[in-house]
Amino acid sequence: MKNKKEERETYRGSRAKHQAEPNSTALLLVVLLRPRPKQCRSEQMGENLGQLKVTVVRGKRLVIRDFKSSDPYVVVKLGSQVAKTKVINSCLNPVWNEELCFSLSEPVGVLNLEVFDKDYFKTDDRMGHAHFSLHPLVSAARLRKVLKVSSGETTLRKVVPDSENCLVGESSIACVDGEVVQVAWLRLCGVESGEIQLKMKLIETPVAGTR
Ligand SMILES: [Ca+2]
C-alpha cells in the first residue's frame, strides 16, 4: 500500500513539475506560430513555351556620353529575367554578337532592352531604351507546327512597326531548319539617335511523346 501511495505521490510530483515548466509548451507555440519562410515565386507563371535566345547583334549611331564616344552595353529584360552584354569601349557602332538566353512562358511578355554607357567613376549613363512584343514570334511558332515546316527556310509572317514594338522597318519571322527566327532593328527611345539589331530564336519545348 505504501508503495502505491508513494507511486501516486511521485506521479503527482512529476505532473506538478511538468505543469510548473511552461518552457517546453512555450517553445512548441513559438515553433507553431512563427512565420513560415516565404516560398520562392516560380518564374514559370504558365505553360512553358521553350527557350528564347536573343542575340544582341550590333548597334549603330549610338549617342555620345563621354567626351567623344561611349562605352556601350545592353541590358535585356523579360519579366523578372535580366541579362546583359559585355561592354565595348569607345564605340558608337558596336558589334556584340552576344547570345542571351531566357525561358519563355505564358503569358507571353514584352522584351525590354536598355543601352548604357559604362562609367567607372560615376553612375552609368543612359543611351536609350526599346521594347518589343514577342506575340508575333510565338504565333509564328504555332503556325510552323500547323504547317509542319521542319527543313529549309520558309517565311512565316512579317511584322510592321507599331506601338507594340520599336521596329525601324518591317521584320520577317522565318523557319530556318526547324527553328523560328526573327531579325529586327529597333529604334532607341528617349535619345537623339541609336538603333539596335536583335536576332531572336525560339527553341520550343518538345511535346512529350512526339518528335
Ligand atoms: Ca563611359
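**Close-up views of a predicted model**

**View 1. The four-stranded open sheet.** Four strands form an open sheet in the order S3-S2-S5-S6, paired antiparallel. Strand S3 (81-84) and strand S6 (125-133) are the edge strands, and each pairs on one side only. Ignoring direction, neighbouring strands of this sheet are turned by 20° against each other on average. The model shown here and in the other views is predicted.

**View 2. Strand S2 and its two partners.** S2 covers residues 72-78 and pairs with S3 in the antiparallel sense over four bridges. On strand S5 (residues 110-117), S2 again pairs in the antiparallel sense, over seven bridges. Valine 76 stands opposite leucine 113 in S5. Lysine 77 stands opposite valine 82 in S3. Five of the seven residues of S2 are buried, so this strand is largely enclosed by the rest of the structure.

**View 3. The S2-S3 hairpin.** S2 and S3 form a hairpin with two residues between them. Leucine 78 has glutamine 81 in S3 as its bridge partner. Glycine 79 sits in the turn, with a positive phi of about 60°.

**View 4. The six-stranded open sheet.** Six strands form an open sheet in the order S4-S1-S10-S9-S8-S7, with antiparallel pairing. Strand S4 (95-105) and strand S7 (153-159) stand at the edges. Each has a single partner strand, so one side of each is left without a neighbour in the sheet. From one strand to the next, the twist averages 20°.

View 5. S7 pairs with strand S8 (residues 171-176) in the antiparallel sense, over six bridges. Threonine 154 has cysteine 175 in S8 as its bridge partner. Helix H3 (residues 135-147) packs on the sheet. H3 touches strand S1 (48-60), S7, S8, strand S9 (179-187) and strand S10 (195-204). The direction of H3 makes about 145° with that of S7.

**View 6. Leucine 137 and the nonpolar core.** The largest nonpolar core has 40 residues. Which of them touch the most other members? They are Val54, Val56, Val74, Leu137, Val180 and Ile196. Leucine 137 touches Ile173, Val180, Gln182, Met200 and Leu202, leaving aside residues up to four places away in sequence. In soluble globular proteins, nonpolar side chains tend to be buried together.

View 7. Threonine 205 lies in the segment after S10. Is this threonine 205 buried, exposed or partly exposed? Threonine 205 is partly exposed, because 13 other C-beta atoms lie within 10 Å, and the partly exposed class falls between 12 or fewer (exposed) and 20 or more (buried). Threonine 205 touches Asn48, Leu49 and Gly50, not counting residues up to four places away in sequence. Glycine 50 is 155 residues from threonine 205 in sequence, yet the two are 4.4 Å apart in space, C-alpha to C-alpha.

**View 8. The whole chain, for orientation.** The protein has three helices and 10 strands. From the N terminus on, the elements run α-α-β-β-β-β-β-β-α-β-β-β-β. Of its 211 residues, 27% count as buried. Among contacts between residues at least 6 apart in sequence, 58% join residues at least 24 apart.

Methods: Residues numbered from 1 in each chain as written. Predicted model: local features only at pLDDT ≥ 70, side-chain atom pairs only at ≥ 80, totals over all residues. Core = buried A, V, L, I, M, F, W, Y, C linked by C-beta atoms within 7 Å. Contact = placed C-beta atoms within 7 Å. Pairing = 2+ DSSP bridges. Axes fitted to C-alpha atoms, helices over the stretch in contact; angles between N-to-C directions.
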